[in-house]
Amino acid sequence: MPTSQTVETHYLLKGAPEPNRDSPRPEEGLDDGQGGRRVFICRSCGNRITSAAAAMAVNGKHKHTFFNPHGYVFELGCFSSAPGTIRVGPASPEFTWFSGHTWQTLVCGRCNIHIGWHYQADSGSGFYGLILPQVAEVDEDGA
């Protein structure tokens, strides 16, 4: 899928249902849990996606670079939560970048642009792989 195309447009073109418009779109109250105010926002619309404190290591590192079967390269950052996103479509084990995990597409909760994937382990644990060029780390007040 071209990066300039939103997931919403992709799903409409493919005849699949649109992202759930009734899903909550949390934009307030993100906190790094340590009194800090760094957050990650959607570069497209400014929606708050997650707090900086939610950054985590998976397989020993926070940042990962992968390419999909169509040759698109993605730089991901791993996060324990991403309340500013909406999961779209069914989970899939196909072409997973993290062994033992299924993946599900994530879109921004405000503008519906493709922002990453949610990964779910067979054990029940999960994490969010956010496309780093799609998000920006800023002070909570936007500075």
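**Reading the strands**

Modeller: This is a predicted model. Start with β3 (residues 63-67) and β4, which run antiparallel and are joined by 5 bridges.

Biologist: What holds strands of a sheet together in general?

Modeller: Strands of a sheet pair through backbone hydrogen bonds, in either a parallel or an antiparallel sense. Here, Phe67 has Val73 in β4 as its bridge partner.

Biologist: How many residues lie between the strands in the hairpin of β3 and β4?

Modeller: There are 5 residues between them, and in this hairpin Gly71 takes a positive phi near 90 degrees.

Biologist: Is β4 mostly covered or mostly open?

Modeller: Taking buried as under 20% relative accessible area, 5 of the 7 residues of β4 (residues 73-79) are buried, so the strand counts as mostly covered.

Biologist: In what order do the strands of the open sheet lie?

Modeller: The order is β2-β1-β9, 3 strands with antiparallel pairing. Its edge strands are β2 (48-51) and β9 (135-139), each of which pairs on one side only. On average, neighbouring strands in this sheet are turned by 35 degrees against each other, direction ignored.

Biologist: Which residue in β2 is the bridge partner of Val39?

Modeller: Val39 has Ser51 as its partner. Strand β1 (residues 38-42) pairs with β2 over 3 bridges in the antiparallel sense.

Terms used:
Residues numbered from 1 in each chain as written. Predicted model: local features only at pLDDT ≥ 70, side-chain atom pairs only at ≥ 80, totals over all residues. Heavy atoms only, no water. Buried < 20%, exposed > 50% of the residue type's maximum accessible area, 1.4 Å probe, protein only. Helix = DSSP H or I, 4+ residues; strand = E, 2+ residues; numbered from the N terminus. Pairing = 2+ DSSP bridges. Axes fitted to C-alpha atoms, helices over the stretch in contact; angles between N-to-C directions.
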